[in-house]
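Here is a short tour for anyone meeting this structure for the first time. Have a look at it below, and then we'll walk through a few parts.

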Amino acid sequence: MTRGLRLYLRSRRVPVAVAGSAGAVALVVAAWSSMMDRAGVPAGLAVLTTAMAAAPFGPTLAGPDPALDRTAALPWPPRRAAHLVACCIVVAALLLAARPFGADFGPVWVVLRNTAGLIGVIGLGAAVAGARAAWQVPVAWAALAAFMAAPGGPRWRHAALWMVQEPGNRIATVTAATLLVAGVAAYAIRVGPQVAPVEATMDQ
Amino acid sequence: MIRPLRTELRRSNAPAVAVLLVVVGGLSAASMYTFWQGQWLRLGYVHTTGMFILMPLALAGGAVLGRRDRRTRAEDLLLSTGRPRWQRALPAMGALGIAVAAAHLLVLAAGAALLAGTYLGLRGAVAALVDALVLVGAAWTGMAAGRRWSAPVVPPLLAAAVLVVQVGASEIAHGDDRLGNLSLMISWPPDTVWETTSSRLLLSHLALGAGLLLTGVLLAAGASVLWRAGAFAGLAAGVAGLVLIANPGPSGIWQLDAGAYRYVCADGTPQVCVTAVHAHLLPGVSADARRALRALAKLPGAPTRAVELRLDTIGENDSDQWFRPKPPPGTVQFQLEVDPGTGRDPDVAESIVMGGGTRWSGCGHGSDDVAQAVAAAWLLDTDTVRLWDSWSGFDYADRYQPEVRAGVQALRALPGAEQLHRVTALRDAAARCEQDLMPYLTGQAAP
């Protein structure tokens, strides 16, 4: 690992986010496998666990001082896109790694779809409202999906509740892919709203 | 005190949290609109079950605000002033508390506005007030958590973890396991429109709210071990109250609302009464019911009063339960099922005259729907009748339309006195809870 990458990850507090995400998933897996006979986690709980694993990565999308970042003569957009995609891979890996430990969060395709879509929403949230608030929409959306965790219905419902649809549902897949692409593009291009330098120093 | 509060209301994240709660609460209520359309107590269920999402969001919103104290790095400066800790925390706590409570009550008020003109009993609003207290407590506890752990991952992790714990607990809990009480999502919707959240459930939510409030206040007031121990004891007591006070299952969650359950009668005669939750439908229902009573008056000993069928216990999600209550003498019962598309019951008169007024005579669900429908069509002077139900619409009744039409034609081909005799015989047999009624219409029944 290069020194620059290490410093980047530290400045974004990625280790804390990974620890928080992995710890939370581990707790769910431990509780589920110890109390239940079956490995299959219901769709609603699986979606919420995905949101819980993804949400800690929201705050990693901004450093302590955006103005300081801008002074670095680096091509930031591809780096930011790579950051978001890496978050997606880490979250999906955490969820898929739970299988041998007695908690199955769904078919691989569904885990990838849900992770990708939620990370995309986090990216969109970071670009629009800032990294600190990026978790709100995906967590609330996942909670609403878990609340109404019934697949099927009219097409708009497939798109609105894409997280709880069956594995082969095309509308859900397209929705998740669109959210990921939009999130990566928006975050890569815009980063987030401008933060006043005085507030940036407070936001430690 | 008012000025710092107003400043916090403008400058803190309180407005953003309020908007988030209004949007999420509004979406969850809107998604179930057809379920609570025209029914205040059902809106109460939708509103209170949404707490499953709102409470974690309020908790996280509090954590975001709590982090602010640490982020400013002005703790030493503020501690050097001669004011107690709680006085410094009060404006921010007050602002967030007002925001979350107002957001929750605003969604209820919007729902109530949509229900204007229907039954709006105060008992149905009690749950919302208790839930507002839970939200304030959650926001204040979140503030304490944010002050203690200022890492940016704390708010999202708190929100998601509390959601996961709730859903996980309800998945893991089996049957009457009290562990399921940890979830604020109510898994059993009310079966009838007169059911409101039970006093025990309200008390359990009140215990949670009080525990969360105590935790938030104690952690704002002091940071010593004693204060913290008291706060954690308060939190533990609140969660224990939530788990232990409420009884799991529909009978623990719901109780009859006396105000919603009472009869409201239309002016004039014959008397037609519906329960208070359906009072807004009374003009249309009374016209249909009186038409049915006039039709029934062709038979000797006909009822002179029609009342809406109601259960004297909470519903059991069993369609047969509606066929068990016996009507008082001289009274015919009818079930009101409202079509969400039109906002009215499409078959009041038809269902009253089914079997000569014996469809809901306490004999259970009769198996001979065709014979009952033939008698109803004869009484109403129509070719047939179509009954509507909320599950299948007119589909079930339409299956036996040809048989009903044929039966009515055959009956009308008889002399007038014989027609009356046979329909009266069918009515009397149905009132005796006999199941095979067609022979009374065809004249094949044993005398």
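Which residue in E5(B) is the bridge partner of B:Gln271? That would be B:Arg305. Before going further, a word on the ground rules: this is a predicted model, where local features need pLDDT of at least 70, side-chain atom pairs count only at pLDDT 80 or more, and totals for chains, interfaces and linings use all residues. Residues are numbered from 1 along each chain as its sequence is written, while chains are lettered from A and ligands numbered from 1 in the order in which they are written.

**The sheet**

Strand E4 (residues 271-275) and strand E5 (residues 305-308) of chain B run parallel, paired over 3 bridges; strands count as paired if DSSP finds at least two bridges between them. They belong to an open sheet of 4 strands in chain B, in the order E3-E4-E5-E6 and with mixed pairing. At the edges sit the strands in this table, each pairing on one side only.

| Edge strand (chain B) | Residues |
|---|---|
| E3 | 263-265 |
| E6 | 331-334 |

From one strand to the next, the twist averages 25°. Helix H14 (residues 282-296) of chain B lies across E3, E4, E5 and E6 of chain B, at about 135° to E4(B). Such angles run from 0 to 180 degrees between N-to-C directions, with axes as lines fitted to C-alpha atoms, for helices over the stretch in contact.

**Chain B as a whole**

Chain B has 20 helices and 6 strands, taken as DSSP runs (helices H or I, at least four residues; strands E, at least two) numbered from the N terminus. Its radius of gyration is 29 Å, well over the 22 Å that the globule rule gives for 447 residues, so chain B is more spread out than a compact globule. Here the radius is taken over C-alpha atoms, and the rule is 2.2 Å times the number of residues to the power 0.38. The C-alpha trace of chain B spans about 105 × 40 × 35 Å along its principal axes.

**Meeting chain A**

The contact takes 25 residues from chain B and 33 residues from chain A, with contact meaning C-beta atoms, placed from the backbone, within 7 Å. On the chain B side, helices H2 (14-30), H5 (51-71) and H9 (154-172) each give two or more residues. H9(B) provides the largest share, 11 residues.

Key
Contact = placed C-beta atoms within 7 Å.
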